Structure formats: C-alpha cells, structure tokens
Amino acid sequence: MALDKITTVQGTGVYVPGSDVDTDRIIPARFMKCVTFDGLGEYLFYDVRKHEDGSDKEHPLNDPRFKDATILIAGSNFGCGSSREHAPQAIYRYGFRAVIAESFAEIFFGNCVTLGIPCVVATGDDIKVLAAAVEADPTLAVTVDVDQCRVFFGDQSFTVHVPDSARDALISGKWDPIADLLESADEVSDRMQQLGYSA
Amino acid sequence: MGNGKSLFEKVWDAHAVRELSNGQTQLIIGTHLIHEVTSPQAFGMLRDLGLKVRFPERTFATVDHIVPTDESSEPFSDPLADAMIRELRKNAEDFGITYFDLSTGKQGIVHVVGPEQGITQPGTTIACGDSHTATHGAFGAIAFGIGTTQVRDLLATQTMAMSKLKVRRINVDGQLPPGVYAKDVILHIIAQLGAKGGIGYAYEYGGEVFDNFTMEERMTVCNMSIEGGARAGYVNPDDTTFEYLKGRPYCPGGDAWDAAVEKWRAFASDPDTVYDDVVNIRAEDVAPSVTWGISPDQGFSVTGTIPRPEEGETPAEQESIREALEYMKLEPGSPIKGTKIDVAFIGSCTNGRLSDFREVARFIKGRKVADGVKAIAVPGSQIVAKLCENEGLDQVFRDAGFDWRRAGCSMCLAMNPDKLIGDQLCASSSNRNFKGRQGSPTGRTILMSPLMVAAAAITGEVSDAREVFELTELSSKC
C-alpha cells in the first residue's frame with residue numbers, strides 16, 4: 001500500500017478558539033448512528049454551529065471568509081474526551097488537512113496521524129499571532145511544514161512540535177501502520193501462545 | 001534508587017513485539033472488546049483489504065451505546081439503532097466472534113461485561129474503541145481506548161502501533177470521610193491534576209484507600225482516567241482482585257487457578273519502582289464532589305461556591321470559566337448547593353454496578369423523588385440488573401419514584417432515546433459534563449457519586465448527601 005508522503009500541508013486557516021474542545025463537541029454522539037464515516041463532514045461542530053432549528057449560529061466555520069480553509073487552528077487539549085474516530089473523520093471530510101493547536105488529547109492525536117492528518121503543537125502566543133493574521137487576511141497562505149517542524153504564513157514563521165514517531169510516519173508515507181503490523185504475523189502467533197492468549 | 005519495574009513496564013515489555021520504523025512499538029493486545037458504534041467501519045476496512053480477523057477467540061462483542069433501555073423487542077423503534085445492532089450481529093457471525101447479544105442475558109456496557117465475565121485479567125493488554133477502556137486497569141491490566149482504524153489493526157493483526165507512556169503514581173492515603181465514595185476520589189484527582197494533566201501518562205493508583213477499595217470502587221476510579229487526560233489507569237492486582245475473579249466464566253479453574261494467581265501477582269509493580277512522577281493525596285481532603293462546568297476538571301466539594309471568571313489564573317482560564325458558567329447558567333459567587341435539577345441519572349460504566357445500586361437503595365428506602373424530577377436508574381449489564389432484582393433493589397428504586405431500566409449506556413452519552421430536553425439540568429453518576437453530552441445541545445450535566453445523585457433526586461436540587469441521609473461515621477460504608 002503506497003501512501004502519500006505528507007511533508008507539508010498548504011492552504012488557508014481558520015481559528016476555532018477555546019480550550020478542552022472535546023470530541024462530543026467536534027461530532028455530537030447522535031451523528032454516530034451510522035455504519036460508515038461517509039457524510040460526517042456535514043456535522044462537524046454541529047451543535048456549536050447550528051441552532052436547534054438548523055439555522056446558523058455565529059461560528060468561524062459559518063463565516064464565508066473561511067469556507068475554503070483547510071488548516072484548523074485551535075487551543076489546548078483539543079480533541080479530549082471520547083476516542084471516537086468520527087471526530088477526526090469529520091474534520092477530514094469537512095476538508096481540513098492539518099490541525100495546529102496548543103496541545104492535543106492523546107487518542108485524538110493518534111487517530112489523526114493514522115488518517116494522515118498532521119497535528120502540530122504551537123505555543124499559545126504563536127497561535128494568537130497566527131489567528132490574528134488569518135483573521136486580518138483569510139486568504140493568507142499558511143504552510144504546515146511537517147518535515148521542518150515549522151509553520152509559515154506571510155513573511156512570518158514559528159517552530160512547532162511534532163513527536164518524532166508521528167513526523168516520521170507522516171513524511172515517510174507510513175502513517176497507516178497496517179502494512180507494518182501485518183509483516184510480523186508469525187512472531188505475533190508465537191507470542192500469543194507464549195502469553196497464554198491462544199492455544 | 002531501585003531497579004524495580006512498574007506493572008505498566010512489565011506488561012508493556014511482555015507484549016512488545018518489535019520497534020516499528022517510526023520508533024513506535026508494535027504491541028500485542030491480548031483482549032479486544034468491541035461494540036456497535038466504533039466497530040462497523042473497522043469491519044468495512046477489513047473487508048476492503050480482504051483480511052480476516054486474526055484471533056477471533058480474543059475478540060468479544062456486546063451492544064451498549066445505542067440500545068434503548070425501555071423496550072426489549074426488536075426491531076427497535078429507531079431504525080438507525082436497529083441497523084447498527086444487526087450490523088454487529090452479522091460481523092460477529094461472519095468472523096466467528098463471541099457476541100454477548102441482548103438475548104444472552106449477558107449483554108451490557110462493554111466495561112461492565114468484561115470484568116463480570118472474567119475476560120478482564122491482570123497482566124494482560126486490553127483495547128476497545130471506547131475511551132473508558134481504562135476501567136479494566138482496575139484488575140492490573142493495561143487497557144487503552146482506541147480509534148476505529150486501530151480497531152481494524154487489532155482485528156487484522158491483534159497488535160497496534162503505540163508509543164510507550166510514562167507512569168505517574170497517585171497515592172491516596174488515610175481514611176475517606178463518611179459519604180465520600182470512589183467517584184469523589186477520581187473527581188478530586190481530576191480537579192487537582194486537570195483534564196490534561198495526564199497526557200502522556202498512565203496513572204497507577206495506590207495507597208491505603210485503594211488497598212481497601214473493592215474491585216467495583218477501583219473500576220470507578222480507573223474508568224475516569226481519561227477525563228484526567230491519562231490514556232490508561234490501573235491498580236496493582238492483589239487478593240481483592242483474585243477473589244473477585246475466582247469462578248468467573250472466562251477465568252482459569254481447577255489446578256490452573258493457582259498458577260494463574262501466581263503469574264498475575266508477579267505483574268504488580270515492584271516496591272522499589274521509580275516512577276516518572278508521584279502525587280500524594282490525603283483521603284481526608286476528599287469531599288463529596290460535584291462539577292460546576294463543562295469539563296470534568298471543573299469540579300469541587302459540594303460545599304463550594306461557584307467560581308467567578310476573575311478567579312482564573314490566566315486569561316485562557318478566565319475565558320474557560322466564563323464559557324462554562326454561561327453554558328451552565330450558574331451564578332458566579334453563589335453556592336452550588338441548592339441548584340435546581342430536572343433529571344437524575346444513576347448508571348454508566350463509571351457507576352452502574354451492583355454496589356452502586358445497593359448503596360443508593362440503602363438510603364432511598366422510604367423516600368420519594370421530588371416532584372418534577374425525572375429519575376432513572378440504568379443497570380450496567382443484564383447481569384447487574386438480575387443481581388439487583390434478586391435483592392429487590394429494583395422495587396426500592398421504583399417505590400422511590402425512579403424508572404428502573406434495562407442495561408445500556410443510556411443517558412451517559414444519549415445515543416439511545418434517553419436524552420435531556422432543552423436546557424434541563426441533570427445530576428448524573430456518569431463521567432462527562434461536556435456541552436450537549438446528554439443528548440440536548442443545551443442540556444447541562446453535573447457529575448457526582450450515585451448517592452449524591454439520589455440526594456439531588458429526593459430534594460430536587462444539588463444537595464450534600466451527608467445532610468440528606470444523615471451520614472455519620474456509623475452509617476457510612478467505608
């Protein structure tokens with residue numbers, strides 16, 4: 001299985017502020033009554049974007065200036081709570097290809113990498129500067145450079161943190177680990193027996 | 001400095017297959033638990049790749065998230081829920097997976113079923129497409145919540161790619177005061193260390209309080225490790241653990257039992273383990289706890305005063321308090337006690353076990369749920385329901401004005417018909433107080449122990465169970 005090598009993501013950004021944005025907020029549980037992930041993009045941040053009658057609330061994703069954004073900018077502990085992969089799936093299917101945040105919840109982070117969505121960690125101050133720049137010019141080109149661990153926008157840039165394992169997986173096109181995991185099937189069988197899990 | 005190893009390290013090392021090219025570890029997951037919400041897409045991916053389930057005998061399925069708790073005959077009135085159940089049934093059949101279906105009498109919340117069947121065992125690795133999988137850590141297992149692509153990885157290979165966690169030892173020593181329960185201990189820990197305090201860590205819970213806890217109390221604490229940001233949480237196995245497991249359907253019997261206990265005991269952390277971090281908490285400092293906000297770390301003693309935004313130490317924290325209070329419609333500076341509630345929910349993988357219902361039943365006998373409060377009690381599994389019913393607890397709940405329901409996740413995440421309406425406020429024994437968590441986009445949740453939920457149900461407002469039930473040293477369980 002040849003996967004894309006994800007070294008950089010280029011696009012425009014949108015800032016969704018707030019800390020501890022949980023996966024229930026990213027995709028409310030009632031939209032998980034499905035047996036495929038298709039169509040989840042439509043329900044991204046649904047309850048904070050929509051009134052109960054379906055009309056729009058004030059939310060960055062409802063702002064037409066940011067409708068083509070592909071880089072999501074967020075606060076700390078982004079994606080906390082439920083392990084639902086529906087959350088990164090909704091983010092991806094909505095059109096986002098990278099997330100920049102102050103910090104990420106662990107399960108969410110891992111789920112994103114496995115889908116080939118780089119999640120990079122920036123300081124709160126850098127995020128503020130980027131958010132202000134994007135607000136001032138929604139068409140501003142933003143580049144998440146996974147390889148160099150840097151975010152570029154306009155004539156500015158800042159360093160971001162990406163754990164080595166995630167960075168390597170993304171830039172080498174091995175973010176979906178299934179091929180690697182399948183390789184050691186015989187050894188796994190032996191170990192399963194030794195550990196007493198299988199006869 | 002000791003050379004001892006923690007349980008986490010021992011279990012990790014025993015299950016590590018090899019280092020992958022990106023530096024992560026390929027880890028064997030001995031037991032894979034699945035449910036209807038996060039598995040169908042994984043089976044779809046498996047079929048697309050033309051793969052089989054590698055060790056079907058190590059995967060166990062049940063249905064919990066979407067099952068209605070007030071109807072028992074299929075098809076259910078919600079066609080989407082019905083389709084999901086049928087999909088799981090088909091996948092279990094197609095791939096030869098043990099499925100604790102509704103008709104077996106063993107169905108329930110996956111984190112209740114695993115332990116009660118004895119599938120959850122010390123020194124093992126367990127994963128499930130559900131973040132509350134840490135519950136199984138109560139047995140000295142290392143248990144992770146995972147995403148659906150990882151569910152696929154486990155189905156196909158019984159392994160997953162993971163980076164090793166650090167270990168934080170959390171000691172709770174001393175005696176818990178009357179009216180203080182395991183739920184209060186974990187709410188206190190989360191309030192102290194924060195919702196992101198555990199990122200990168202597994203939490204090892206220990207000390208006198210945990211030594212004295214029952215398995216069900218240990219499960220309540222481990223269950224909410226993820227609310228503190230920790231992907232796994234565990235308690236070292238001891239005689240309490242083995243006593244609980246003895247005779248369970250999936251546990252070894254006869255001569256094999258003693259050998260199993262010996263093996264399990266050896267996984268416990270060595271006395272000279274050096275931890276990455278140690279936190280000490282005094283049991284006497286833990287009070288009956290409630291949350292006031294929209295993140296599980298926004299909590300305090302029921303005697304507390306709702307914070308003012310300006311009390312936040314940073315602008316971000318001030319904004320978090322402001323956002324939480326606006327959503328919760330709570331008045332800064334006023335006591336949380338006395339806040340009117342609309343709904344009371346006792347259940348979930350945190351607090352839906354026999355001991356939870358027993359403890360509440362002891363105190364609500366002869367009392368009535370306040371007018372205008374809707375109160376529901378939802379057993380965590382069909383077996384829990386049966387055990388409660390054998391003791392007549394269901395009748396105690398019904399007499400007090402609770403609805404006694406069938407097993408499932410119910411109003412913890414409201415994927416079934418049990419939902420808040422509008423901005424109803426729910427006193428809940430569940431694990432998350434996120435915006436909209438209980439099914440209404442404006443619904444509000446206050447997390448607390450089951451007995452505190454009962455106190456709120458009876459008085460119609462957030463109350464101190466110690467006052468409502470006149471809890472003294474003598475009447476308290478601990």
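Two strands are said to pair if DSSP finds at least two bridges between them. In this predicted model, strand β9 of chain B, residues 166-173, pairs with β12(B) in the parallel sense over 6 bridges, and within these two strands B:N171 stands opposite B:N280, the latter lying in β12(B). Both strands belong to an open sheet of 4 strands in chain B, which has the order β11-β10-β9-β12 and parallel pairing. The edges of this sheet are formed by β11 (232-235) and β12 (277-282) of chain B, each of which pairs on one side only, while the twist from one strand to the next averages 20 degrees. Helix α6 of chain B, residues 182-193, lies across β9 and β12 of chain B and runs at about 125 degrees to β12(B).

Chain B is divided into domain 1 (7-277) and domain 2 (288-468), and the centres of these two domains, taken over C-alpha atoms, are separated by 24 Å. Between them, 39 residues of domain 1 of chain B are in contact with 38 residues of domain 2 of chain B. On the domain 1 side, two or more residues are given by each of the elements α4 (110-117), α6 and α8 (215-223) of chain B, with the largest share, 6 residues, coming from α6(B). By class, this side has 16 nonpolar, 15 polar and 8 charged residues.

Between the chains, 51 residues of chain A are in contact with 59 residues of chain B. The elements of chain A that give two or more residues to this contact include α1 (23-26), α4 (106-114) and α8 (185-194), and the chain A side divides into 19 nonpolar, 15 polar and 17 charged residues.

Definitions and conventions:
Residues numbered from 1 in each chain as written. Chains lettered and ligands numbered in written order. Predicted model: local features only at pLDDT ≥ 70, side-chain atom pairs only at ≥ 80, totals over all residues. Contact = placed C-beta atoms within 7 Å. Nonpolar A, V, L, I, M, F, W, Y, C, P; charged D, E, K, R; others polar. Axes fitted to C-alpha atoms, helices over the stretch in contact; angles between N-to-C directions. Domains from an automatic or database assignment.
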